[in-house]
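Take a moment to look over the chain and its ligand. Then read on, starting with the ligand's surroundings.

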Amino acid sequence: MQKIDGRIADSTVNYDNFKDHENEVVSIDGYIHRIREMTGFSFVIIRTRTDTVQCVYAPEFSDYRWDEKLCEEAAVRVTGKVVSSADAKGNKRYELQIHGIKILSLPAAPLPIVINKKTLDGVLLNTILDYRPVSLRNPYQRAIFKLQEGIARGFREFLSANGFTEIHSPKINYAGAEGGTNVFKLDYFGKQVYLAQSPQLYKQALVGVYGRVFEIAPVFRAEHHDTSRHLNEYISMDFEMGFIEGFEDVMNMETGALKYIMNLLKTEYSKETELLHADIPEITEIPTIKFADAKQLLIDKMKYKPSDMKDFDPEEENLLGKYAKKEFGSDFLFVTHYPTIKRPFYTMDDPENPEYTLSFDLLFRGLEITSGGQRVHDYNMQVEKMKRMGVNPEAFDTYLMLHKYGAPPHGGLGIGLERLTMHLLGFKNVREATMFPRDINRVTP
Ligand code: AMO
């Protein structure tokens, strides 16, 4: 609790625990979110680090007199008495009768956008993003990334409890892991290096050390396309586990992690899920379909004409999402056994049919949020596969130390945090679920 003499720097008296302080005089720190002048009194809404709190100024509450310098976005310490009243439905609600307001700081300019409405509906996404440090102060915007914290926290908590070690791999890399052209090149003291496309090479190396590892960190993709689901920098939630029987172990671990995350959001982030109208999925078991069967289903049952038989386009993913919902009542669908030519060199081929791999994607409401699978762990097999795919094994000699000096059967996955957040909240654009997006047109703020 914030003592009146200010000995504790940050207030812990928020709206949730006002009830424990009824009729006490307390202090809270925050911003003036909104001032509403009424006849004879004013409502002063204070935005604390967790809530918006209703305070009331009236001359009869104390000797304190309103300071005309007070304005919206002033940082203040408000002292007052916690009182209760009943709302229209008869529920008890609490507010603070103001006894004093100490100005800690005043803004230098008026706000460029109105942030003290419930949402920023009507404001263009580009404007919201241009003013991110300010627009994030809006309660709805703030809640998006509080909820996102819950997703990452759930991932971390679940994996930590299941024997995984958290790692922090370098983002300046000697080689790109995912193949393709979407790798950022960097001049490193005259030498060409790359920004990490994923922690792939390192998480595999560390399976040889810790057996089970995970990382939540930014990765970089030089995507040249301006789409609603691609970013040039995103947060990848990765894990990698050794001594697996098959890639199903990885899928089961992900199912467990998602269940844990959704439960955490329901229990500890209910304020955010309500404000955001988040549609938290119920997960029991996630249905699975093979890539080739999914293609056939799209052609035969949905009369879709795919342009690429080796991959899905966004519309195909969308149709498969609808199929999973209709057929199994599931918001998620695992698609397994992707074609070998579409998966990176580290992916294990299916011994029963080497044109396909022991890999999977997870679709969430018709959008790919995860790729994963079993990896090649045999040294000779990995070198041979690299050569077959036109990858120079010598460029990956340190990566291959894992295989050369002994690797267990292992597999793992990467989840795009922003994409998961996007479809949890029903957004049309991944940028809405990205705090400071980097895309082909944007590197600021
Ligand atoms: P992949 O490249 O499929 O796999 O990426 C994994 C997940 O990351 C997200 N994602 C993106 N999100 C936003 N913008 C992008 N440009 C973008 N690209 C990918 C998606 C995708 O499913 N190393 C493997 C994972 C593994 O096998 O462990 C990898 O990175 O949600």
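Strand β17 is the top contributor to the shell around the ligand, giving five residues. Keep in mind that this is a predicted model.

**Around the ligand**

Which residues come nearest to the ligand? Among the 22 residues around the ligand, they are Gln200, Lys203, Glu368, Ser371 and Arg375.

| Residue | Protein atom | Ligand atom | Distance |
|---|---|---|---|
| Glu178 | polar side-chain atom | nitrogen | 2.7 Å |
| Lys203 | polar side-chain atom | oxygen | 2.7 Å |
| Leu413 | polar backbone atom | oxygen | 3.4 Å |

How much of the ligand's surface does the protein bury? Taken alone, the ligand exposes 620 Å², and the protein buries 92% of that.

**Helix α8**

Now turn to a helix. α8 covers residues 314-328, which is 15 residues. From its first C-alpha to its last, α8 reaches 21 Å, close to the 21 Å expected at 1.5 Å a residue.

Look at the start of α8. There, a side-chain oxygen of Asp313 comes to within 3.0 Å of the backbone nitrogen of Glu315. Just after α8, Gly329 takes a positive phi of about 65 degrees.

Which residues of α8 are buried? They are Glu316, Glu317, Leu319, Leu320, Gly321, Tyr323 and Ala324. An α-helix has 3.6 residues a turn, so residues three or four places apart point the same way. What covers the buried residues of α8? The cover includes the helix α7 (291-300) and the strands β12 (288-290), β13 (332-336), β16 (359-364) and β17 (367-374).

**The whole chain**

Along its principal axes, the C-alpha trace spans about 85 × 55 × 40 Å.

How many of the chain's residues count as buried? The figure is 52% of the 445 residues. The accessible surface of the chain comes to about 21,600 Å², and carbon and sulfur atoms hold 51% of this surface. Finally, consider contacts with a separation of 6 or more: residues 24 or more positions apart account for 64% of them.

Methods: Residues are numbered from 1 along each chain as its sequence is written. This is a predicted model: local features need pLDDT of at least 70, side-chain atom pairs count only at pLDDT 80 or more; totals for chains, interfaces and linings use all residues. Side-chain values use heavy atoms; hydrogens and water are left out. Helices (H or I, at least four residues) and strands (E, at least two) are DSSP runs, numbered from the N terminus. The expected span of a helix is 1.5 Å times one less than its number of residues. Buried means under 20% relative accessible area, exposed over 50%, partly exposed in between (1.4 Å probe, protein chains only). Contact means heavy atoms within 4.5 Å. A polar contact is a pair of N or O atoms within 3.5 Å; within protein, one must be able to donate a hydrogen and the other to accept it, and residues adjacent in sequence count only if both atoms are side-chain atoms. A residue is near a molecule or strand if one of its heavy atoms lies within 4 Å of it. Accessible areas come from the Shrake-Rupley method with a 1.4 Å probe; for residues, only the protein chains shown count as cover.
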